[in-house]
Amino acid sequence: MISIHVQLLLMFLVWNSDCQIIPRIEECGLSCSQGIHCKSKPSSDIFNTFCHDAPASLSSVVLKSMKISTVMKCIQGSPCSLHLNIKGSLSLDENIRGLEICALSLDTQRSQCTSVRFAKKKSKTLNGKKVQVQFNCIEVDVAQHIYVTMKTVPNYCDVKLSQEYYVEDCRNSDVGKYIAACSAGKFDYNVDRARKIISVNVSNFLRDQDYYVRLCHKWFTCEDVGAFAVIKGKESLKSVSLKYSQLLPCLCIEGWLAIPDARRIQLCPFDNDTTALWDNIVYNPATQTLAWEPACPVFVTVNLCRLMKSNDHCEDIQNSSKNSSEKQVKYSRVDTHPRLCMKFTTKQGSWVKCPFAHGEFPAWKMRTAAVAEQIQVFFTSQTKAQFSVLVCNRTQLASCESVGMHHSVSVGDTVSIATSREMCGSTICIEGWRTDVDYSVPLQICDTHCGFRGQTYGDGNPAKDMTHRMKSVHSLH
């Protein structure tokens with residue numbers, strides 16, 4: 001376990017790197033030790049990439065050291081830029097005409113090289129003298145990963161210094177404040193729910209610089225929702241209107257400057273707009289499969305449930321609970337009865353969707369009739385189905401305890417149940433459900449008085465406020 005002292009030291013180092021002030025320069029350039037004349041030019045000498053055997057008289061440590069840091073070049077009226085500040089030291093030798101300094105971006109594989117040459121007369125007379133070289137004209141981007149090399153000219157094998165370097169990112173207060181790529185802007189927005197339009201106003205970004213705004217769905221990354229809009233830097237109006245199809249918890253507004261590798265900001269203000277999440281329910285009649293797929297990452301418990309006719313409460317169906325965050329929830333062999341619903345439960349509450357409530361799919365009904373001292377039970381259905389029937393004592397609204405044996409019956413057949421005085425009570429019910437599917441809702445006919453007349457269980461329509469968005473697989477073709 002890391003000691004508390006080490007943890008505090010690490011926290012200090014991270015805080016110190018984020019708060020470090022980047023040194024300023026007005027002009028970039030090359031400088032060498034006093035008395036040493038040197039000059040630089042961009043290098044594209046492909047021959048210097050191949051090394052030669054070093055003369056026997058040349059020390060392998062002729063290159064002494066190399067240090068790298070970041071400087072910020074700021075000119076009034078222009079954006080600031082970041083540059084590598086490379087300091088190296090070497091011992092002059094008559095076999096060395098100069099240095100080549102290269103910076104390779106490990107992110108883009110783009111290379112920048114500069115050749116530094118010493119005056120020939122001076123290098124001979126000052127043989128063995130230690131020389132300091134400083135060069136700060138290699139421009140870099142925020143958070144760039146750089147591989148820097150320093151080689152001799154000519155390029156002698158095994159006489160080279162190299163170092164990896166990470167440029168400060170936007171968390172550095174100095175970089176975040178003055179570098180254009182970190183000036184991500186600030187959003188104000190307004191939602192017109194009737195027209196399904198989000199108006200976005202952007203402020204606090206560089207003048208005369210174009211700015212991109214888009215809507216996206218935030219998963220692991222933020223995925224496009226339509227095309228992005230452009231705010232022209234030269235225009236006085238800094239706002240755009242973006243159309244959306246649904247307000248979802250993962251719907252975000254994202255903006256960034258129209259420059260390479262610009263920092264992006266996101267605003268995701270619709271965390272509480274969860275209603276539309278539960279609409280994406282699909283039923284496949286061929287496989288009797290009911291499925292729901294989240295439009296956004298959300299941790300939810302899904303249950304199938306039976307909508308109670310008396311109070312619109314939805315009672316969970318046993319063994320139907322499933323948890324999901326990003327994956328599809330699927331139930332196979334599902335009864336299409338109007339009272340079979342899906343219940344979604346999160347920390348914010350519960351929502352019930354009843355995909356079969358509008359009669360688009362075949363439903364079944366249970367009927368009873370009194371004949372002599374018997375109750376006849378039969379089922380009607382537009383499709384073939386198998387059912388089970390029993391007499392039960394309803395101790396609670398959704399709990400009915402069996403008081404007799406189970407009876408199996410098919411569509412078109414009838415099962416007879418003998419009546420007795422024990423059945424002449426308000427809590428005694430006839431309960432039936434489908435047995436040829438994995439998930440079915442049990443229906444009950446209760447209050448079986450001894451003066452029982454034939455009656456039909458009336459499903460009726462579910463409550464008016466029952467909502468759904470149901471897509472049949474056939475309708476998708």
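**Note on the predicted model: surface, disulfides and salt bridges**

1. The accessible surface of the chain comes to about 26,600 Å². Carbon and sulfur atoms account for 49% of that surface. Such areas come from the Shrake-Rupley method with a 1.4 Å probe, and for residues only the protein chains shown count as cover.

2. This is a predicted model, in which local features need pLDDT of at least 70 and side-chain atom pairs count only at pLDDT 80 or more, while totals for chains, interfaces and linings use all residues. Residues are numbered from 1 along each chain as its sequence is written, and side-chain values use heavy atoms, with hydrogens and water left out.

3. Start with the overall build. The chain has 3 helices and 36 strands. Both are DSSP runs numbered from the N terminus: helices are H or I with at least four residues, strands are E with at least two. Of the 477 residues, 42% count as buried. Buried means under 20% relative accessible area, exposed means over 50%, and partly exposed lies in between (1.4 Å probe, protein chains only).

4. Next, contacts (heavy atoms within 4.5 Å). Take those between residues at least 6 apart in sequence: 67% of them join residues at least 24 apart.

5. How many disulfides does the structure hold? There are 12. A disulfide here is a pair of cysteine sulfur atoms within 2.5 Å. One of them joins Cys74 and Cys80, with the sulfur atoms 2.1 Å apart. This link is right-handed, with 120 degrees about the S-S bond. Cys74 is partly exposed at 22% relative accessibility. Cys80 is buried at 15%.

6. Another disulfide pairs Cys252 with Cys268, sulfur atoms 2.0 Å apart. The link is right-handed, at 100 degrees about the S-S bond. Cys252 sits in strand 17 (residues 251-257), and Cys268 in the loop between strand 18 (264-267) and strand 19 (281-284), so the pair ties together parts 16 residues apart in sequence. Cys252 is buried, at 1% relative accessibility. Cys268 is partly exposed, at 25%.

7. Cys341 and Cys354 are also joined by a disulfide (S to S 2.1 Å). It is right-handed, with 95 degrees about the S-S bond. Cys341 lies in strand 25, and Cys354 in the loop between strand 26 (349-353) and strand 27 (364-371), so the link ties together parts 13 residues apart in sequence. Are these two cysteines, Cys341 and Cys354, buried or exposed? Both are buried.

8. Now the charged side chains. The whole structure has 14 salt bridges. Each is a side-chain nitrogen of Lys or Arg within 4 Å of a carboxyl oxygen of Asp or Glu. Among them is the pair Asp438 and Arg333, at 3.1 Å, N to O. Asp438 lies in the loop between strand 33 (428-434) and strand 34 (443-446), and Arg333 in the loop between strand 24 (329-331) and strand 25 (340-346), so this pair ties together parts 105 residues apart in sequence. Asp438 is partly exposed at 46% relative accessible area. Arg333 is partly exposed too, at 34%.

9. Arg171 and Asp169 meet in a salt bridge at 2.8 Å, N to O. Arg171 is exposed at 62%, and Asp169 is partly exposed at 22%. Arg434 and Asp436 meet at 2.9 Å, N to O. Arg434 is buried at 9%, while Asp436 is partly exposed at 22%.

10. Which residues form a network of salt bridges? Arg214, Asp224, Glu254 and Arg264 are linked in one.
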